[in-house]
Structures are given as C-alpha cells and as structure tokens.
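User: I'd like to learn how to read a structure feature by feature. Please show me the general idea each time, then the case at hand.

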Amino acid sequence: MEGEIQALNELTKASKGRLKPGGLEDLAFGSLAGMMGKFVEYPFDTVKVRLQTSESQVFSGTIDCLRQTFRNEGFGGFYRGLTSPLVGAMAENAIAFYAYNRIQSMIRQITNAQELALPHLFLSGGASGAICAFVISPVELVKCKLQVENVQGYGQQAAKTTRFTGPMSVVAHLLRTEGVAGLYRGIGPTVARESLGVGFWFGAYELVCRQILASRRPSKDDPLPPKDVLGPGSIILAGGCAGIAYNLTSYPIDVVKSFIQTSDVRSAGAIQPDAKSPTIASTIRTVYARGGIPAFYRGLGITLLRAFPANAAMFMTYEYLSRMSADLRPKTR
C-alpha cells in the first residue's frame, strides 16, 4: 500500500509541472482524435443509419443488415461516404475540445473556482456541442444520403446503380435544388442532439475519471490527483463510458435527425428534389407509427457496440498527445 501511495505521489508531482494544452493544440489533437474514432466507428455507423431509416421489411435486424450490405456492396459498402464524415469528425472534435476547454476557462474566471463541479463541466460540454452542430450538420446530411440512397433497391437492379458518385455530387445536387439552406436540413435536431449528447459525453468522461482518481487517494481528505496520472486502462474505460452516455441520451433525437435528412432518398431510392423537408413533429409521428417507442431505438445495439471502442480511441489519442506535447515543453515551477 505504501509503495502504491509513493508511486502515486511521484506521478502527481511530475504531472503538476505539465502545462495544459493551448488552443492550437486542442484543435490539432482533437482533430486527430476524431480521425481515429471515425475509422473505428464508421462501419457500425453505416449499419445504424440504414436500420434507422429503412422500412422494417428491408432488414430484419442488425445481422441481416450486415449480411445484405456485404452481399450487395462488399466490404466497401460499410465505408460508403466516409470522406465527408472523416473530415467532419476531425473538425467536430477539434472544435469540441477547443470550445470545451475555453468555456471551462471562462467559467473559472466567473466563479473563481480552480476545480469545476460536474454541472459546470456538463454545461461546458453542452455549449461546445451546440457550436459543433453547425459544423457537422451539412457533413452528416451528405453522409446519411450516401449511406441510405440505394438501400431500398437491394435485391433489384437499382442496387447496382448509384445516383450520387460521392460527397461532392451530393453537395452539388443540394445547392442546385435547394440552395445553401438545403445543406442544413435537420439542423434543429442536430443542435438538440449535440447539446445534450456532448454534455453527457464530457460529463460522463469526467465523472468516471474522478471516481477512479478518488479511489486512489490515500484518504478522503486528500485532494484528487491530476488526471495525468491515469493509465491507458482508465482512459479507455472513461472514454468508452462517455460514448455510451452520449448515445443513450441522444439516440431518439438522432433517429429523427437521420429520418429528416434522408427523407428525399428513401422512397425506393428515388431522389425527390421537390419534396419538402418534414417537420420535427411530423417525423416523430411517422417514426412512432412505424413501431411505437422501440422505433426510436432501432439500431441502438450496433451503435453502443461501436461507441465504446470508438470513443475510447478518441480520448486515448487526445490525452496522450496532450501529455507528449506537455513533456516536450519546459516544466513550470
């Protein structure tokens, strides 16, 4: 026990000299974290979106969706439309970490608190999520259309031909038929999802980290050790829990968002440029009519399956890049 306390004290002393990441580092490390997470999660995301937006007779469940996607499109079908969300994930996470840390600094200045309470961290995360929504909404719109456009034609000749050749063809189509506003179809649910989800994402991560750190204190009266003393296993656990918290809290909103964004390509794969974007209320009624409350959670299983490793990879990347950067700079006294 004494050896563990001594080791913890040494790690704490070493970490106190580290400078916190600056704004440019938050942007750089956040973007790399987003890239790592997106590569891990994207095949699962394709299955999720197809389950969310397809009629129940198209796929009987997650395994059937996996089987049909591979049979009709091969392994590449799981990464269809990756370019746009990959760039979007890098931008989203760069902004998320940057805004999260800057908003925390603002709250500290207002409250004169060195250690923020969990509600403050949740608020910081929610505000950063709202900002991110305006960046990722067009990206997710393009992604969802590419993921869904040819699903209704599975088993038919339509499955062999695609109407969009890539992200730029989707963007060109939207600008030609709907103008710039067309790129922000579904922005309302996206803002709601990101505000709630990212608040719980950062909040859950900080909560798990604090619980682990609290369990390692020599006594309850001692202050929490800095987060830098956490090892890979702890970060993986906290990051994975953050991903699960994000999806459990925001999933029904995500279903509504995906449904609205793919409303013009879901009718037998036909593009309907003159179709008006459905309202949030009408979409909720439509989704409910397809299967009641469970319809808002269709595809949740595959989403939670990818959430843990993808978000663990993101936080691992960000935390260790931050530590490496801090170790390369002069220590503070």
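Analyst: Buried means under 20% relative accessible area, exposed over 50%, and partly exposed in between (1.4 Å probe, protein chains only). Bear in mind that this is a predicted model, where local features need pLDDT of at least 70, side-chain atom pairs count only at pLDDT 80 or more, and totals for chains, interfaces and linings use all residues. Residues are numbered from 1 along each chain as its sequence is written, and side-chain values use heavy atoms, leaving out hydrogens and water.

User: How many aromatic pairs are there?

Analyst: A pair of aromatic rings is described by the distance of the centres and the angle of the planes. Rings of Phe, Tyr and Trp (its six-membered ring) pair if their centres lie within 6.5 Å; planes under 30 degrees apart are stacked, over 60 edge-to-face, and the rest tilted. That rule gives 14 aromatic pairs here. Phe97 and Phe315 make an edge-to-face one, with 5.9 Å between centres and 80° between planes. This pair links distant parts of the chain, as Phe97 sits in helix 4 and Phe315 in helix 10, 218 residues apart. Helices are DSSP runs (H or I, at least four residues; strands are E, at least two), numbered from the N terminus.

User: How is the pair of Phe122 and Phe200 arranged?

Analyst: Phe122 and Phe200 are edge-to-face, at 5.0 Å centre to centre and 80° between the planes. The pair joins helix 5, which holds Phe122, to helix 7, which holds Phe200, across 78 residues of sequence. Phe122 counts as partly exposed because its relative accessible area is 31%, and Phe200 is partly exposed at 32%.

User: Which residues have the most contacts inside the largest nonpolar core?

Analyst: In soluble globular proteins, nonpolar side chains tend to be buried together. A nonpolar core is a set of buried Ala, Val, Leu, Ile, Met, Phe, Trp, Tyr and Cys residues joined through side-chain atoms within 4.5 Å. Here the largest has 28 residues, and Phe97, Trp201, Phe202, Tyr205, Leu230 and Phe315 have the most contacts inside it. Helix 7 gives this core its largest share, eight residues. A second, separate core has twelve residues, among them Leu141 and Leu174.

User: Where is the kink in helix 2?

Analyst: A bend is the angle between axes fitted to the seven residues ending at a position and the seven starting there. Helix 2 has a kink of about 50° at Glu41, shortly before Pro43. Its end C-alpha atoms (residues 23-53) span only 38 Å, whereas a straight helix of 31 residues would span 45 Å; the expected span is 1.5 Å times one less than the number of residues. Helix 10 also has a kink, of about 30°, at Ala307 shortly before Pro309, yet helix 10 reaches 42 Å, close to the 42 Å expected.

User: Is Lys48 buried or exposed?

Analyst: Lys48 is in helix 2, and it is buried because its relative accessible area is 5%. Its side chain makes a 2.8 Å polar contact with that of Asp254. Such a contact is a pair of N or O atoms within 3.5 Å; within protein, one must be able to donate a hydrogen and the other to accept it, and residues adjacent in sequence count only if both atoms are side-chain atoms.
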